[in-house]
Amino acid sequence: FLLQRKGKIVSFANNETTAKTDLFFDLSKSIDKFRAVYGMAFHPDFQKNRQVFISYVITEGDPKGTHVSRFTVNKTNPPTCDPASEEVLLRWRSGGHNGACLKFGPDGMLYISTGDGGGYHSLPADSGAAQDLSSTQGKILRLDIDIPAPYIPTTNPFVGQPGVAEEIWVYGLREPWRFAFDSATGDMFIGDVGQTTREELDFIPGGSSGGQNFGWACR
């Protein structure tokens, strides 16, 4: 499956030797005021529940912002996504930093990166969301999408603390554009876009209970 930022998601067979692709989903035609698609992840039990999770941005109207939604995939050949099946799980304020990478971890949880909402020339003073535990921005979030809404696992590090967004797994990030898990160890690697002179690669060991602060915008 290949995501095109302007909205088309196409598929092709693993053994395909030609340039032929099939249209899986065109968000630009299905989502009003759509701007860009950022991430997609299939449920670990996809063969049974046909669920796919997609992150995208809407820049005008209401609801405006970055969305993470659950969709159902039709049992067609080639497969297609049903736009009418959308269930919005999360939405946050869009800016130059959206994050919106989606991955299922070794624990079966859905991990979601969120940018701090700032722009290219934003200063640390403008990016307080990353250190604000009441905000979901500038974070990696962790959801159990197999339990009822709001999908918050009881093992998340800030569960039960007053005034805190309990979806948070780790915080202090600027624009965590991409992250990945090591399939052998469960280690997480986060690529965080830096401000002007530096980029950042963050590491979380497999089996971590979360809660780490990676320092933006203090550093």
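This is a predicted model: local features need pLDDT of at least 70, side-chain atom pairs count only at pLDDT 80 or more; totals for chains, interfaces and linings use all residues.
**Exercise 1.** Which residues form a nonpolar patch on the surface?

*Solution.* Residues are numbered from 1 along each chain as its sequence is written, and side-chain values use heavy atoms, with hydrogens and water left out. The patch consists of F189, L201 and F203, which together have about 310 Å² of accessible area; such patches take residues with over 30% relative accessible area and no salt bridge, nonpolar side chains being joined within 5 Å. F203 lies in strand 14 (residues 200-204), where strands are DSSP runs of E with at least two residues.

**Exercise 2.** Find the order of the strands in the open sheet, and its edges.

*Solution.* Four strands are arranged in the order 8-9-10-11 with antiparallel pairing, where two strands pair if DSSP finds at least two bridges between them. Strand 8 and strand 11 are the edge strands, since each pairs on one side only. Strand 8 is joined to strand 9 (residues 110-114) by four bridges, and G99 stands opposite T114 in strand 9. Five bridges then join strand 9 to strand 10 (residues 139-143), with L110 opposite L143.

**Exercise 3.** Why is strand 8 largely enclosed by the rest of the structure?

*Solution.* Strand 8 covers residues 99-104, and five of its six residues are buried, so the strand is largely enclosed; buried means under 20% relative accessible area with a 1.4 Å probe, counting protein chains only.

Definitions and conventions:
Buried means under 20% relative accessible area, exposed over 50%, partly exposed in between (1.4 Å probe, protein chains only). Patches are made of residues with over 30% relative accessible area and no salt bridge: like charges are joined within 9 Å, nonpolar side chains (Val, Leu, Ile, Met, Phe, Trp, Tyr) within 5 Å. Accessible areas come from the Shrake-Rupley method with a 1.4 Å probe; for residues, only the protein chains shown count as cover. A salt bridge is a side-chain nitrogen of Lys or Arg within 4 Å of a carboxyl oxygen of Asp or Glu.
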